[in-house]
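Hi,

Here is the structure I said I would pass on.

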Amino acid sequence: MSKIGSVQPVGASCPLGGALELTRALDDDWLLVYDNAENAASLADLWPPSSRGSILITSQDSSWLYQEHISFHILLESFDQQDSKAMLRSILSKQGQELSEEVATALVVETGGLPLAIRHIASYIRATESDPMEFLQTYHEDRSSSSTVDEWDENIPPWYRHTLATFLNFAFRQLNDQSIFLLIIVSFLDPDCIQEEFFTHSLGPSELQPFRNKAR
Amino acid sequence: MITRHKVDGSSHFSVHRQVKRHVHNHLKAAQLQNAFDWALKRLRQLFPRQSPYAEPLSNRIKGCSEWISHIIAINRAASLLKETLQLPQLLAQLFQDGATYLWARGLLEEGKGLTLAAKEICESHKDCDQLLIGEVYSFHACILSDSGDIDQAATYFERSAQNRREHLFRLKQNHQTADMLDEILLANAYNNLAGIYCAQGRYSDAELYNELSLGIKKRWEKQSNLSYLLTLSYQNIAMVYARRGKFDDAAIYFEKAIALSDPDESMVRRALTFHNYGSMRYAQGLVALAQELMEQAFQLRWESLGDHYDTATSLHMLAACYHAQKSEDSLIVARYCSPRLS
């Protein structure tokens, strides 16, 4: 790679055509990165007109593996126990929480070594200042009483959706109404870049009402 | 579940897509609807309404592109949850304004997605605001026209004009007086019709609608600043003259449009006038004049639109002027040193 063209960040503010045309204009090889791409259909119109370069796609959608125009793929495996524990400890240690080997192993088993699940579970324990052992106990009880059948995107591997959905169901049940309301709002917006002012700038009483604690 | 991070020094949040999906798939319809309605009202407060008197929403409005990203995300979510959510007219209005912004930046496919969604929402509401429907049709037509679908665009412009006429007729029937906005919206519809008829080569029809539009604007000129809208009419009139080979008459109206347009408030429109005027001079063989006009068009477009096909079109025309004048150094600059690649 001898040259990387300078383009504005590609988003709604910048015509994607500009970046694609740039690949045509460059004389040298180029590399185009689509990070966290959804599925093949979402990129159908964003395929460069030139064949001089390479495209690197990262995605959680396994249907990419069956696309004819994908030359090589790497299916990322889950973390092994050692890496999982290291990640778990690195998140919890920021709050000075130490994990015994036994509890760390039990938590890692719950996550299946899935980095996203590890991050969510560790962040949850940290944010709620829970005792990891107590968290595990509540989590086990909740899971055994839950009959939720998960409706995940069919292209997400089953083990992945099961592990993460189980945790998210558990986490949602711990949230109060106001937090759920906030989470739903966020889920309708562009997930990558939600300005803080969306929730802070010049809010009137009627906008704040759903976030106030209701008398029970 | 929600991560906080800094972008250009200000706080932002992000949420993982799997969490987003999980929320949509697992929470109750009533919960989703309440939060959806809240988000729409909030976006409407933060994302400015497109004025019928001014140039399309620009990047100069703080955070405009970020609000647009949310509107596009809401369109996708609304499409996936169409069996669950009720989509209010407010959403159609937001889509309409979002499409205006995207259209101005040449993002026609995303813009078309929003106008189609807005149209669907309007048509699903029996008591939909007729002015909103007219606006949606009109803007859908603008996008179709820029996408090259002139005939289909003309159909939607005609529907929009008919919608405005019927609105004024209803007011009259109810012994109500039309206000400036009502009439200006009709003038804008006539302006659009004139533009599309000119593109179709129906110059007599174009002239008629240009006159009708200009007449309405002149009537209200003293009560409000209509310089942007008058500029549109003068430019449309100039284009019809230019197409008919009446270059001197066209030049008078191009000059009028340039003199009236505000250099700060309507850069995009001003640039288009310079570009069209320059193209006419080039067609006349007055290359030195054309070059001066194209340089202004290119400069304005680069400043206001940046990397955009309109900017490239002006640059292309500029290169043609340099080539015709055998100005080799300048031609090299125009050909190889596009600001996009510099």
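Strands β3(A) and β2(B) pair in the antiparallel sense, with two bridges between them. Bear in mind that this is a predicted model. In that pairing, A:Ile194 sits opposite B:Phe13 of β2(B).

The rest of the sheet is in chain B. β2 (residues 10–15) runs antiparallel to β1(B), and six bridges join the two. There, B:Val7 has B:Ser10 of β2(B) opposite it. Put together, you get an open sheet of three strands in the order β3(A)-β2(B)-β1(B), with antiparallel pairing. Its edge strands, each pairing on one side only, are β3 (194–195) of chain A and β1 (2–7) of chain B. As a reminder, strands of a sheet pair through backbone hydrogen bonds, either parallel or antiparallel.

**Where the chains touch**

How many residues of each chain are in contact with the other? On the chain B side there are 49, and they contact 40 residues of chain A. The elements of chain B that give two or more residues to its side are β1, β2, α1 (17–26), α2 (29–46) and α3 (64–80). Of these, α1(B) supplies the largest share, 10 residues. Sorted by class, the chain B side has 21 nonpolar, 19 polar and nine charged residues.

**The core**

The largest nonpolar core has 121 residues, and B:Ala39, B:Phe95, B:Leu193 and B:Ala238 are those with the most contacts inside it. Helix α8 (residues 180–200) of chain B gives this core its largest share, 11 residues. Chain A is in there too: domain 2 (81–174) and domain 3 (179–211) of chain A each contribute at least three residues.

Leaving aside residues up to four places away in sequence, B:Phe95 touches B:Ile71, B:Asn75, B:Leu114, B:Thr115, B:Ala117 and B:Ala118.

**One helix in chain A**

I also checked the length of helix α4 (residues 115–128) of chain A. Which residues of α4(A) are buried? They are A:Ala117, A:Ile118, A:His120, A:Ile121, A:Ala122 and A:Ile125. An α-helix has 3.6 residues a turn, so residues three or four places apart point the same way. Just past the end of α4(A), A:Glu129 adopts a positive phi of about 50 degrees.

Cheers

How values were computed
Residues numbered from 1 in each chain as written. Chains lettered and ligands numbered in written order. Predicted model: local features only at pLDDT ≥ 70, side-chain atom pairs only at ≥ 80, totals over all residues. Buried ≥ 20, exposed ≤ 12 C-beta atoms within 10 Å, placed from the backbone. Helix = DSSP H or I, 4+ residues; strand = E, 2+ residues; numbered from the N terminus. Pairing = 2+ DSSP bridges. Contact = placed C-beta atoms within 7 Å. Nonpolar A, V, L, I, M, F, W, Y, C, P; charged D, E, K, R; others polar. Core = buried A, V, L, I, M, F, W, Y, C linked by C-beta atoms within 7 Å. Domains from an automatic or database assignment.
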